[in-house]
Amino acid sequence: MVFNTGTALLDGVVLAVVAKNEEGTYGYKLTQEVRALLDVSESALYPVLRRLQKDGALMTYDEQIGGRNRRYYRITPAGEDLLAKYREAWKAYALKISRIFEIE
């Protein structure tokens, strides 16, 4: 069974994956890591990245790798604050859902 992934959850997961590496991560690697966790298409992730960048949660920089340009995403201080809020909200939500699913 697959649960629908809402915008807030997807934003939080993307921020958490980017935050794992201080230097940031590049788009393809990021999409592979997120897709290993959630059933989401690669094409759905790039609009999330653009929105988080527009909102100031992510910044980008480009690096030449093997003659090709690779775009990296790095979390900003505003993104770290947002991620902390997502983590707190997730803890509360997961606790409520876990309590409902528990069998007495």
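Q: Two strands pair if DSSP finds at least two bridges between them; which residue stands opposite E63 in β3?
A: R70 of β3 stands opposite E63. The model is predicted, so local features need pLDDT of at least 70 and side-chain atom pairs count only at pLDDT 80 or more, whereas totals for chains, interfaces and linings use all residues. Residues are numbered from 1 along each chain as its sequence is written, and side-chain values use heavy atoms, with hydrogens and water left out.

Q: What makes β1 and β3 a pair?
A: β1 and β3 are joined over two bridges in the antiparallel sense. Y26 has Y72 of β3 as its bridge partner.

Q: In which order do the strands of the open sheet stand?
A: The three strands follow the order β1-β3-β2, with antiparallel pairing. β1 and β2 are at the edges because each has a single partner strand, which leaves one side of each without a neighbour in the sheet.

Q: Why is T25 called buried?
A: Buried means under 20% relative accessible area, exposed means over 50%, and partly exposed is in between, using a 1.4 Å probe and protein chains only. T25 has 4% relative accessibility, so it counts as buried. T25 lies in strand β1, residues 25-26. Setting aside neighbours within four places in sequence, T25 is in contact (heavy atoms within 4.5 Å) with V18, L30, R71, Y72 and Y73.

Q: How do you know that the span of helix α1 agrees with its 13 residues?
A: The expected span of a helix is 1.5 Å times one less than its number of residues. For α1, residues 7-19, that gives 18 Å, and the end C-alpha atoms are 18 Å apart, so the two agree.

Q: Where on α3 are the buried residues?
A: L45, V48, L49 and L52 are the buried residues of α3. They cover an arc of only 100° (taken from the directions from the helix axis to the C-beta atoms), so they are on the same side of α3. S43, R50 and K54 are exposed on the other side of α3. An α-helix has 3.6 residues a turn, so residues three or four places apart point the same way.

Q: What makes a set of residues a nonpolar core?
A: Its members are buried Ala, Val, Leu, Ile, Met, Phe, Trp, Tyr and Cys residues, joined through side-chain atoms within 4.5 Å. The largest nonpolar core has 19 residues, and L10, V14, V34 and L58 touch the most other members. α1, α2, α3 and β3 each supply at least two residues of this core, and the largest share, six residues, comes from α1.

Q: Which strands does α1 lie across?
A: α1 lies across β1, β2 and β3, and runs at about 105° to β3. α3 packs on the sheet too, touching β2 and β3, and its direction makes about 120° with that of β2. These angles run from 0 to 180 degrees between N-to-C directions, with axes fitted as lines to C-alpha atoms, for helices over the stretch in contact.

Technical notes. Helices (H or I, at least four residues) and strands (E, at least two) are DSSP runs, numbered from the N terminus. Two strands pair if DSSP finds at least two bridges between them.
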